[in-house]
Amino acid sequence: MMANYDGNLGSGDGPINDFLNSSCPTNFGPQNDESLKKISLFDNHKINGEGPLQKFGIAKKCIEEIYLRLEKYVEKLASCYEEANNKSSDHIPVDKYEEAKNNLESIHAILETFNRDKMKVVFFGRTSNGKSTCINAMLHNRIMPQGMGHTTCCFLQLEGSENNEKYLTIDNSDEKIPFDKLHLLGHALSDNNIDLPSLGSSSLVRVHYPKKSADMLENDVVILDSPGVDFSEELDSWIDDHCLDADVFVFVCNGESAMTRAEKGFFLRVSKKLSRPNIFILNNRWDVSDDDPKEQVELVKQQHMTRFIEFLVKELEVCTDKSALNRIFFISAKEMLDQRLHPEKAIGLDTRKEYRANAFKHFEKSFKECISKSAILTKFQTRADKIRSIVDGMINNIEIVLDSLKKKNQILQDEWTRHSEFCNKSKQEFDDLITYIGNETHKIREEVHLRVSTDFFTVTQKLPTIIERFEDRITEVQFLEDEITKEIEGLCKTNIKSRIRSLQKQIYSCVKDIYQNEFSDKIDGAWKRVKRPRIGIFVDCTTLLVDFHEDLEFHFSLGIFNLARRFISMISGEPVTAISSFHSPLVNEPIITEVSKEPGGRIRLKSESDNSATLKKAATLGTIMSSVSSFASLGVGAILVGGMVLSKVSWKVLGSAVAVYGGLYMFEKYQWESRGKEELLKTQLVYHLTRKIRNDVHHHAHAGIVETERELEACMDHYINAHEEIQNILKQETTQYSDEKSAIDNTINTLQVLKGNITLVTSDVDKFEEKFLIH
């Protein structure tokens with residue numbers, strides 16, 4: 001149902017909605033890093049300045065501040081991702097890092113366009129309907145070309161300049177044209193624009209004018225003046241090129257005539273390309289009605305109102321009947337401009353002029369409210385939606401990255417735990433192995449001592465056979481040494497080396513088990529460096545035979561000299577062949593042996609004269625032997641013994657004893673002659689070597705133990721070195737896992753803080769929408 005006209009329409013009495021009850025603080029501007037903490041952008045303070053146009057600027061600053069804050073967070077996010085990937089390339093998925101960088105670039109691009117976010121109004125109407133005059137009246141200044149006839153020949157876009165310059169530019173060219181050429185460029189009736197660029201009706205001339213000169217220019221309002229709609233058939237291109245970003249359309253018509261088909265066609269095309277465009281209709285030149293009767297004027301006004309309301313509500317469907325009442329005004333732009341250029345003329349106006357002046361002011365007020373609201377909605381609703389889109393994408397991005405990092409962190413934690421436990425366990429097990437090897441070494445010492453003693457005893461039992469093999473080389477000591485050494489190697493050395501080798505293999509197997517077949521290259525390398533055991537036990541026959549004195553003369557076993565030698569041998573522990581009546585050891589004569597190692601690893605027993613007690617003992621025995629020998633050689637002993645026996649027993653008993661004694665003597669004499677000197681020498685040699693070797697067994701056993709311990713120590717040294725290398729590797733890997741885990745923990749903490757901050761940006765958007773977009 002169409003609203004009834006009450007005669008007050010366009011009088012300036014229409015309803016005005018004051019929606020600026022609260023606003024942003026005045027201290028806008030980029031925040032430093034410390035201010036990135038959550039602060040309220042929307043305190044309940046009074047807006048700095050009055051009027052609806054200021055609200056657009058405040059809204060722009062608020063939404064820009066939200067973008068700046070979001071930019072800081074996304075920069076930190078991209079930096080956090082980059083830093084994390086510098087430490088480890090697989091921490092942050094590449095697509096998530098690229099997404100963060102793309103969002104940052106998108107925010108940068110949006111921030112660069114904020115200066116281009118302005119309110120735009122387009123003035124349309126037939127030629128000479130007063131569009132330019134209306135613009136000048138709103139600016140309180142004659143800026144746009146105006147006059148009788150077709151004045152504006154192209155699109156003139158008026159916008160404020162930052163540096164208070166006045167100049168012109170054509171289309172997208174940056175070349176500055178002096179401002180005084182405006183009337184030549186834009187005035188269709190000018191004859192002096194021959195030297196200026198040729199402009200078509202669709203061309204755009206940008207008029208840059210100081211912002212401080214007009215309220216609308218200062219508050220980012222762009223005003224577009226158009227040629228008459230009946231001037232060109234290029235209406236569609238006009239709309240596409242110049243009108244799609246308009247917030248408000250002002251249709252300036254002639255109050256003396258009705259709306260033409262061309263004018264209707266233009267706005268019908270606009271409404272098809274723009275959803276519910278904001279249209280104001282100005283019935284200009286209403287001052288011509290002053291000479292007509294009031295009743296006729298009101299009737300004509302009612303007709304115009306009815307047609308325009310029907311056009312806006314039913315044909316264009318851009319508003320309701322009620323809101324249409326504040327979209328249609330009856331004015332005189334020329335009168336208003338004249339009053340504003342000459343304020344003294346605005347005093348004492350008659351009723352009709354005052355009515356038209358109030359109608360124009362009412363239009364301005366409604367226009368400013370509408371363009372501010374529309375521009376905020378069209379410009380900043382998409383900005384707010386874009387923030388939500390970026391925030392939602394970043395939150396999802398961070399959650400995916402956090403989930404990935406937490407999984408990696410758990411893997412690192414498990415690896416760190418496994419390495420730590422494995423490192424400690426292997427270290428303890430290796431220490432236990434060293435203790436075990438120490439115990440085994442002690443057992444082997446006993447085994448070696450027993451084996452050397454047993455095998456040397458066995459060798460002494462084989463001495464007769466060994467000496468028999470030499471035949472005529474009996475005097476060549478080297479052959480004797482080689483043969484005895486061969487026997488010892490076949491028995492003693494083979495068994496000891498086998499035992500050592502067995503323990504070496506056992507150590508290798510234990511170390512492999514300790515490290516669970518990991519680090520095989522290190523352990524196998526240690527095994528390759530372990531040499532086969534080499535035990536050098538050598539019997540130095542030259543040294544053993546240095547005190548050997550062969551006696552190839554016949555000696556009766558029951559003779560006094562022979563009995564004395566046996567007695568001395570029993571006391572001294574030396575073989576009988578080492579005791580001679582013609583040998584008295586000197587103090588400096590070497591008679592004690594020591595163990596030494598020859599080149600090639602063989603052990604040799606050498607004599608040494610550093611034991612004075614043994615020297616004295618040998619000297620004493622030599623003295624006794626010399627005395628007994630001298631005593632026996634003189635026959636004094638035989639006489640004394642014969643005399644004592646003769647005084648106690650009969651001649652028969654004595655004769656029988658002598659006969660037996662003589663028989664034994666003859667028997668031994670016979671055997672000695674039948675065997676020969678060689679057999680006697682072999683027997684004496686076997687007897688001498690047997691006693692000597694058995695006396696020196698403990699020296700050879702000690703030498704074998706020393707060699708065994710050296711072999712085992714050398715073997716363990718290789719494994720200890722390998723163990724230390726492996727432990728260092730494990731510790732390095734454990735430290736690496738720990739450092740990587742700490743880095744991920746820091747990244748997770750940073751991302752969680754950023755996630756919270758980015759999420760809070762949404763609440764800022766909610767408040768922005770509540771203050772500026774929801775009405």
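The protein chain has an average pLDDT (the predictor's confidence in each residue, from 0 to 100) of 77, and 73% of its residues score at least 70. Over residues 44–48 the pLDDT is below 50, and this stretch has eleven contacts (heavy atoms within 4.5 Å) in the model beyond near neighbours in sequence. Residues 630–637 also stay under 50 in pLDDT, and here the model has four contacts beyond four places in sequence. This is a predicted model, in which local features need pLDDT of at least 70 and side-chain atom pairs count only at pLDDT 80 or more, while totals for chains, interfaces and linings use all residues. Residues are numbered from 1 along each chain as its sequence is written, and side-chain values use heavy atoms, with hydrogens and water left out.

The secondary structure of the protein chain comprises 20 helices and eleven strands, taken as DSSP runs (helices H or I, at least four residues; strands E, at least two) and numbered from the N terminus. Of its 775 residues, 46% count as buried, that is, under 20% relative accessible area, with exposed meaning over 50% and partly exposed in between (1.4 Å probe, protein chains only). Among contacts with a separation of 6 or more, 81% link residues 24 or more positions apart.

Four bridges join it in parallel to β1 (residues 119–124), and Val-122 stands opposite Phe-249. With β8 (residues 278–284), β7 pairs in the parallel sense over seven bridges, and Cys-253 has Asn-283 of β8 as its bridge partner. Between β7 and β8 the chain passes through helix α7 (residues 261–273), in a right-handed β-α-β crossover (clockwise from the first strand over the helix to the second, with the strands pointing away from the viewer).

Most residues other than glycine have a negative phi. Ser-128, however, has a positive phi near 65°; this residue lies in the loop between β1 and α3 (131–139) and counts as partly exposed because its relative accessibility is 22%. Phe-519 also has a positive phi, near 55°, and sits in the loop between α13 (477–514) and α14 (520–529). At 17% relative accessibility, Phe-519 counts as buried.

Key: Two strands pair if DSSP finds at least two bridges between them.
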